[in-house]
Amino acid sequence: MKYYIFPLVISMCILSCTSKDDHGHLFSVQSDTLYLDDEKYELNKDDNLDIACKWHGTYFIKLYCTFISVSENIKEIHQIEPPKGDPPYSEAELFVRNDSLMVTCTDGEHHYVETYNPQHNTWNRVYTLPDSSHTRVESIREDDNYKILFSDKGEFGGRLIFFDKKTEQEYFYAINCERVIKYQNDYYLICLDSIFKIHDPAQNNAELILSEDEYAYPNIAPCFVSAFIFSNELYVVANNQEETYIARLNGKNLEYVFGFGQLYDFRNGYKYNIVVNQFDDRVLLKYNRSESCPCGILNIEGNQIRMIFIDIF
C-alpha cells in the first residue's frame, strides 16, 4: 500500500487565521494533509474533489471517477467500489440520508439511487426515476412541521417547496437555493448571492436579509457558501475576492469573526452536502485546488474547524 499520512502538516498551503473581534477566539483549527498515490487510486494530479460527506465517523469522497473512504483520524484509507451506473461516474452525487450513505447515478436512460453496504463494499439499488423530465427534486430538510424540497429545473432555475405535514398543503418559493437552515423558529435560505428569511412558509413571504448589491466586506461583494449555528448564534461561511471567512449574522448585518487568510474555491459550495441541514450545527464543504493549495475538505462542528488537504502525487 503506497500512501502517506502526515497529521497536522500542511503541504503547498499556508493556513493563516485572523480575527477582527472578540468572537475569533471561539474557533480553533486542526489541519491535516492526506496524500494519495495517483497510480494506486487511478487519479490524475489535477483531479478535484467532487463530493465529500461524513457518515458514521468516516469521510467519503469522490474524485472524478474514484470513490474513497477515509477514517476520521485519516489513518485508514480504502477505495470503495463505484455504483453500477455507466462509467465514468463523473456526474454521480454522494450524500447521506436517513442514516444511509447513498449515491445518485445514471445508466443513460434513468436516474437511480443506491445505498452503500460497508460490510460487503457494494451498492444496492433503491429506486429508479425516468430521465425524461430533466427535473430533479430533492428533500433538503425536514422538521416537525415541514418537509422542504428543492426542485431543480436545470437552466430554468429552481424553486423551494414547503410541504405542510399536517395539512398536506404545498407552498412554493421561486428561489434558486438548496440550503435552508432553521434558526430561532425562522427558516434562513442561504443562496449564493443573498440570504432570505421565512418566518411562516404559509404566508408565501421571503424577507431579503442580505444581498451582494447592498452588502460588501471589505468593499467587496461576498459569496455566501454555507451557514451553521454555534452557541445559539447563526454564522455564515463566505468568500470575497481576498479570503474565505466566517461572519456572525446580526439582524441584517454580517460581523466578521474569523478569517482563513486565503481564498478557497467552493464551486457552487452552497449546493453540497444537502442533508447537513439535519444537524444545523455542522457544515462540511469541499473546495477545489488552486495555484497555492490542493483540494480538500472544510468541516465545522461546533467551534472546531477541521481542514483536510488532499494532495495527489
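Trainee: Which residues are linked with K54 in a network of salt bridges?

Mentor: Good place to start! This is a predicted model, where local features need pLDDT of at least 70, side-chain atom pairs count only at pLDDT 80 or more, and totals for chains, interfaces and linings use all residues. Residues are numbered from 1 along each chain as its sequence is written, and side-chain values use heavy atoms, leaving out hydrogens and water. A salt bridge is a side-chain nitrogen of Lys or Arg within 4 Å of a carboxyl oxygen of Asp or Glu. The residues linked with K54 in the network are E72 and E301.

Trainee: How far apart are the closest N and O atoms of E301 and K54?

Mentor: E301 is in strand β24 and K54 in strand β3, 247 residues apart; strands are DSSP runs of E with at least two residues, numbered from the N terminus. In their salt bridge, the closest N and O atoms are apart by 2.9 Å.

Trainee: Does K54 count as buried or exposed?

Mentor: Buried means under 20% relative accessible area, exposed over 50%, and partly exposed in between (1.4 Å probe, protein chains only). The relative accessibility of K54 is 16%. Therefore K54 counts as buried.

Trainee: Which side chain of opposite charge is nearest to D164?

Mentor: D164 is found in strand β13, and D164 is buried yet has no salt bridge. Lys and Arg count as positive and Asp and Glu as negative, while His and the chain ends are not counted. At 6.8 Å away, the nearest side chain of opposite charge is K166.

Key:
Helices (H or I, at least four residues) and strands (E, at least two) are DSSP runs, numbered from the N terminus.
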